[in-house]
Structures are given as C-alpha cells and as structure tokens.
Amino acid sequence: SMSLWGHVEMGPKDPIIGVTESFTADPNPNKLNLGVGAYRCDNGKPWVLPCVKAASENIVKSNLHNEYAPIAGFKTFVDRGLKLAYGDDCKILNEGGVAGIQALSGTGALRICGEFINKFHPSGTKPDVYVPNPTWGNHIPIMEDSGLKVRKYRYYDSKTNGVDINGMLEDIDNAPDGSVMLMHVCAHNPTGADPTLAEWEDISKVCKKKSHFIVMDSAYQGFASGDPAVDAASLRMFVEQGHQIALCQSFAKNFGLYGHRVGTFSMVCDNAEEARKVESQLKILVRPMYSNPPIQGANIINTILEDDALTQQWFDDVKTMADRIIKMRQSLTDALVDAGSTEDWAHINKQIGMFCFSGLTPEQCDLLASDHSVYLTRNGRISMAGVTTGNVEYLANAMVDVRKKAP
C-alpha cells in the first residue's frame with residue numbers, strides 16, 4: 001500500500017543554502033564563500049562581540065534562571081530595543097503609544113506583522129504588500145504564507161547600480177491607496193543601495209498622500225554606517241512625519257547574535273490605549289505560533305543596554321564591523337584596478353552594509369564557481385563580510401577573468 005506521504009515531492013533548495021553546499025563540497029584550498037549574510041573578521045572567522053562576551057559572562061555569574069519568558073517577551077528588553085530604534089526623544093514612544101513585543105529576529109517579526117495585517121486590516125479587501133525589486137528573498141514567502149498578495153515596486157537601477165528613485169516614487173504613487181509598503185531602513189539587502197535623506201523625504205510624502213501603511217525592516221542598525229543614529233534616520237523621519245509604521249527589528253547582525261533569534265516587532269499607534277489593545281492581539285497571535293520567545297539573546301542585549309560601559313562597548317564593536325566592511329569595499333575597488341579592470345566600480349564603495357550588488361551576470365557567477373571556486377548567489381550579490389585582506393586580490397583577479405570570458 002502507498003505511504004501516506006508518498007506523493008510528497010522534493011522541494012527546491014534555498015538558493016543561499018545551495019551556494020553553501022557547493023562551497024563545502026569543493027576541495028580547492030583557495031575557495032571563497034561570498035553567499036552567507038554573516039559577519040566575519042579579517043581572518044574569515046565568526047566574531048563574538050566583546051560586549052556580548054562580557055554580558056554572557058555576567059549572565060552565567062548571576063546564575064540567571066531558565067524560566068519561560070512572558071508571551072510578549074521581556075518588557076525591559078523590548079523597551080530598550082525600541083529606544084535604540086526610535087530614539088530617546090521619540091514622542092509617541094515615550095507616551096506609550098507604540099505596541100511592542102519580542103520577536104524571533106527579523107523573520108519572526110515580519111511573519112507576525114503579516115499575520116496581524118491579514119487578521120485586522122480594516123478594509124474588506126486585504127491590501128497587497130509591495131516589496132522593493134529586488135528584495136531579501138524571504139520577504140515574499142513570509143507575506144504570502146501570511147495570506148497576503150505580494151507585488152513589487154521598482155527599486156534598483158542596474159545602469160547606475162543605485163536606487164531608481166523616480167521609478168520607485170512612480171510605483172508607490174500608482175499603487176492603490178492604503179497599500180502596504182515594505183521598506184529596508186538601511187543597508188538594503190541584496191543591493192546595498194539606499195535612498196538619500198532627501199529621497200526618503202520624497203518617499204514619505206508620496207506614502208502619506210496615498211495613505212500607505214509602511215512596514216520597516218531594520219536588520220542593520222549600526223552595522224551599515226557604524227553609527228546607529230545615522231542608520232535609523234529613515235525610520236525616525238517617517239515616525240516624526242506621522243506615519244503609523246510597523247517595525248521589524250533584528251539583532252542578528254548588529255549584535256552578532258544570529259543563532260539566538262532575537263528581535264522585536266512594534267507598531268506605532270494613535271495613543272497608549274490603542275497600543276495596549278494592539279499588543280493584546282499580538283500576544284494572541286504569538287501564543288499558538290510559538291508560545292513565547294527564547295530568553296538568552298534577550299538577556300544578553302538587555303545586559304548590554306542597561307549598562308553604560310557595555311553599551312559604549314557595543315557602539316565600538318558595531319563600528320569595528322562597519323568599518324571593516326567599508327575598508328574592504330575600498331580594497332576590492334583598488335584590487336580590481338590593480339588586476340587590470342578598466343570598468344567603473346564606484347558602486348562598490350557607494351553601496352553600504354553587508355552586501356555589494358556587483359553587477360556580475362548569472363553566467364559570470366557560474367564561471368566564478370567553476371573556474372575559481374568563488375561562490376555567490378547568481379544575482380551577483382557579494383557578501384562583503386566574506387572578503388578579507390588575504391583573499392581580496394584573488395577575488396578581484398577572478399572577477400576580471402570572468403568579465404573577459406563572458407562579457
């Protein structure tokens with residue numbers, strides 16, 4: 001007799017996992033994995049932030065218990081996390097008008113956001129969610145699995161390797177009033193291209209005119225420029241201009257706590273009473289999904305942010321990471337010139353954050369893997385964290401070679 005699950009087919013591989021598997025199987029000692037979105041120090045190893053190390057030691061010493069967190073997570077952690085994002089002087093936050101809960105990093109926050117929109121959106125017809133083209137691959141299935149339809153707005157201009165601001169504004173303006181607009185606060189993934197502050201002003205104006213609901217994904221605060229306030233500028237501007245945004249905040253990259261799945265989800269409401277009601281419903285969504293969030297990552301961040309010296313250490317640590325990435329952008333640009341490239345690679349320096357949208361074609365990416373054991377996703381996205389002083393020259397020579405072979 002046929003097995004109950006005999007009809008289930010093999011699912012397609014996640015493209016980034018596929019890159020890692022090919023990399024792992026390659027015997028070449030010079031092989032490079034430029035697919036993974038996690039920070040590496042200059043010798044290519046994962047880095048535990050000194051502030052995280054110190055906080056973890058404090059937690060062990062204080063013999064902290066392992067009881068369940070509340071459904072919405074630790075309030076002190078959530079409050080400190082939101083202050084970091086919205087700013088100390090955010091009026092609506094200080095008045096209690098922001099509903100916030102602990103979330104399972106950015107992915108978990110986005111999923112709760114999608115479920116909340118699906119369940120509570122006031123209009124009879126559910127709004128579509130507009131994401132930038134391109135965007136982080138997971139945005140689309142998260143929103144679709146929440147029962148929402150996903151559409152795209154123009155974002156990247158491959159001719160300039162920057163933001164197509166006119167196309168973006170036009171698409172946002174042409175979307176039906178009251179649509180959901182998903183935006184990256186800073187360090188856009190995968191392109192590393194961000195709007196300027198003046199462009200953010202224009203984006204805010206159009207969204208206001210169209211009564212769009214803005215969902216902001218903040219995965220790189222502090223990691224992009226090295227300054228958390230600079231990186232949160234778009235988010236703070238939108239709140240100041242009266243947008244009732246939702247914020248999906250991840251601490252994976254900027255605290256190096258990838259595997260702890262720690263973040264927050266928050267929604268700007270009209271007042272404290274509305275925020276309490278929204279928060280009560282967020283808890284009702286969380287309870288049957290995962291009951292309550294994990295505690296260790298939240299305890300670590302709370303321990304850092306409640307202590308002035310550790311907070312200062314975090315500012316230093318996150319700047320260390322941002323500065324290394326910025327330095328590697330310059331090194332790669334220089335190495336490409338040294339390798340004989342006459343192309344304009346200025347966009348590598350202009351882009352910001354973990355990733356560089358190199359402009360390499362899918363065929364060139366295939367050749368990088370087959371001829372040079374350099375692995376990246378076929379859209380040409382280079383994880384700058386994988387670039388080091390030891391391999392940057394090898395990478396540049398390989399890039400120049402494949403540009404010649406498959407122009």
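Q: Where does Pro-134 sit?
A: Pro-134 is in the loop that links β3 (129–133) to α6 (139–145). Keep in mind that this is a predicted model.

Q: What is the peptide bond from Asn-133 to Pro-134, cis or trans?
A: Cis. Omega for Asn-133 to Pro-134 is near 5°.

Q: And which kind of peptide bond joins Asn-189 and Pro-190, cis or trans?
A: That bond between Asn-189 and Pro-190 is cis, with omega about 15°. Pro-190 belongs to the loop between β7 and α8 (197–209).

Q: OK, the sheet. What is the strand order?
A: The order is β2-β10-β9-β8-β7-β3-β4. That makes seven strands in an open sheet, with mixed pairing.

Q: Which strands stand at the edges?
A: β2 (98–103) and β4 (150–154). Each has a single partner strand, so one side of each has no neighbour in the sheet.

Q: How are neighbouring strands turned against each other?
A: By 25° on average, with direction ignored.

Q: Take β9 and β10. In which sense do they pair, parallel or antiparallel?
A: Antiparallel, over five bridges. β9 covers residues 246–250 and β10 covers residues 263–268.

Q: What does Leu-247 stand opposite?
A: Ser-266 in β10.

Q: And what's in the loop between β9 and β10?
A: Arg-261 is found there. The phi of Arg-261 is positive, near 50°, and this residue is not a glycine. Arg-261 has a relative accessible area of 33%, so it counts as partly exposed.

Q: What about Ser-211: where is it, and what is its phi?
A: Ser-211 lies in the loop between α8 and β8. Its phi is positive too, about 55°, although Ser-211 is not a glycine.

Q: Is Ser-211 buried or exposed?
A: Exposed. Its relative accessibility is 52%, and the cut-off for exposed is over 50%.

Q: Back to the sheet. Which strands does α5 lie across?
A: Helix α5 (residues 105–120) lies across β2, β7 (180–184), β8 (213–218), β9 and β10. The helix runs at about 160° to β9.

Q: And α7?
A: Helix α7 (residues 165–174) lies across β4 and β7. Its angle to β4 is about 140°.

Q: Switching to α12. How many of its residues are buried?
A: Nine of the ten residues in α12 (296–305) are buried, so the helix is mostly covered. Among them are Gly-297, Asn-299, Ile-300, Ile-301 and Leu-305.

Q: What do those buried residues pack against?
A: The buried residues of α12 pack against α2 (50–61), α3 (75–86), β2 and α13 (308–338). So β2, an edge strand of the sheet, is one of the α12 partners.

Q: Last one, Asn-391. Which loop is it in?
A: The loop between β13 (381–383) and α16 (392–405).

Q: Buried or exposed, Asn-391?
A: Buried, at 12% relative accessibility. The cut-off for buried is under 20%.

Q: What does the Asn-391 side chain reach?
A: The backbone oxygen of Gly-386, at 3.1 Å. The Asn-391 side chain also reaches the backbone nitrogen of Thr-388, at 2.8 Å.

Q: What does Asn-391 touch, leaving out residues up to four places away in sequence?
A: Leu-32 and Gly-386.

Q: And how far apart are the C-alpha atoms of Asn-391 and Gly-44?
A: They are separated by 9.4 Å. Along the chain, Asn-391 and Gly-44 are 347 residues apart.

Note on methods
Residues numbered from 1 in each chain as written. Predicted model: local features only at pLDDT ≥ 70, side-chain atom pairs only at ≥ 80, totals over all residues. Heavy atoms only, no water. Pairing = 2+ DSSP bridges. Helix = DSSP H or I, 4+ residues; strand = E, 2+ residues; numbered from the N terminus. Axes fitted to C-alpha atoms, helices over the stretch in contact; angles between N-to-C directions. Contact = heavy atoms within 4.5 Å. Buried < 20%, exposed > 50% of the residue type's maximum accessible area, 1.4 Å probe, protein only. Polar contact = N/O pair within 3.5 Å; in protein donor to acceptor, adjacent residues only side chain to side chain.
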